[in-house]
Amino acid sequence: MPSSPASTAAEAVATQDLPTYLDIEQAALRLAGHATHTPLLRSPALDRLTGARVLIKPETLQRTGSFKFRGAFNKIRKLVEEGPKPKAIIAFSSGNHAQGVAAAAALLGLPATIVMPADAPAIKLNNTRALGAEVIAYDRYREDREQVTQKLAAERGAAIVRPYDDPDIIAGQGTIGREIATDALALGLTPDIALVPAGGGGLIAGTALALKHILPNIKVYACEPRDFDDTRRSLEKGERVGNGPDARSICDALMAATPGELTFALNRRQLAGGLAVSDDEVMKTIAIAHTLLKLVVEPGGAVALAALLTGKLDVKGRTVAVVLSGGNVDPDLYARALALPA
């Protein structure tokens, strides 16, 4: 049976220079002293609720409040080291990548411009500006953010730092998987399962690459909002599929239109499957993370924990690593989550 154009494209991408575990090791060296090595947290209450040994990886505690700083700093530092040094940096983002790029560019002495949705959470817009970046707003439902960014890059002579479909970004995010595996083994635990949020796929592609290198038998699952479960559906179909134009979610960090080409080329080899959660389940999970873990988690950052707590997967008796990918949540949404009945 002939391959579809999408699956043929995925196979073609797979023959290119995708990141390797060595790239993750090199990223870890670049990030040393700049990114936070976030801890693995245990919670007896979560263990009782799930019947599993749960290991929480709180990237909510990362610089800028999300994992995105890792990939952004790795990419920009590599650009500076390998030269020629770019005049400026430009990126497009719903908020967490924006802050990561803004912080990384400032540390490396480069001006940054971020193209952000006009309806992005105010905390993400304000934090990006506070980090020194110029913010240019666009309508996420009417404009193509990549076209806006490419036009500005050409006008300003700026280097584009993409949010996920870039080997250096993937490698930077992969340092999360490296830390999970090494820290878990140091605790005498071998994770059987990892639950990781997925938007464009850079976080889970890099994390799974590192985890599968160190722990070959681990099963890694993509966790997504129910109406943005493009990675889950793409894995089932064997080719990249997108989300409907009318799809909406409170998980603003995970609203990519389709999986990336590079990220899917990795994820189709590495992932055991995908799990989807509703916005209501995410809201309840935000409150549970506040109560049990004393952590502030944003909607997109809570999807993996939501999948665990709502039983999307049988984890009884297993050791499960769960990534909380970010904590940049608007105060009014957070208050609504905490006000929900227990």
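Reader: Which residues are linked with Lys-57 in a network of salt bridges?

Author: General idea first: side chains of opposite charge can pair when their charged atoms come close. A salt bridge here is a side-chain nitrogen of Lys or Arg within 4 Å of a carboxyl oxygen of Asp or Glu. In this structure, Glu-59, Arg-70 and Glu-179 join Lys-57 in such a network. Mind that this is a predicted model, where local features need pLDDT of at least 70, side-chain atom pairs count only at pLDDT 80 or more, and totals for chains, interfaces and linings use all residues. Residues are numbered from 1 along each chain as its sequence is written, and side-chain values use heavy atoms, with hydrogens and water left out.

Reader: How many salt bridges does the structure hold?

Author: There are 22.

Reader: Which residue forms a salt bridge with Lys-75, with the closest N and O atoms 3.0 Å apart?

Author: That's Asp-166. Asp-166 sits in the loop between β6 (159-160) and α8 (167-186), while Lys-75 is in helix α4 (residues 68-82), 91 residues apart. Helices (H or I, at least four residues) and strands (E, at least two) are DSSP runs, numbered from the N terminus. Asp-168 also forms a salt bridge with Lys-75, at 3.4 Å between the closest N and O atoms. Asp-168 lies in helix α8, so this pair ties together parts 93 residues apart in sequence.

Reader: Are Asp-168 and Lys-75 buried or exposed?

Author: Both are buried, meaning under 20% relative accessible area; exposed is over 50% and partly exposed in between (1.4 Å probe, protein chains only). Asp-166 is buried as well. Asp-119, which meets Arg-140 in a salt bridge (2.9 Å, N to O), is partly exposed at 42%.
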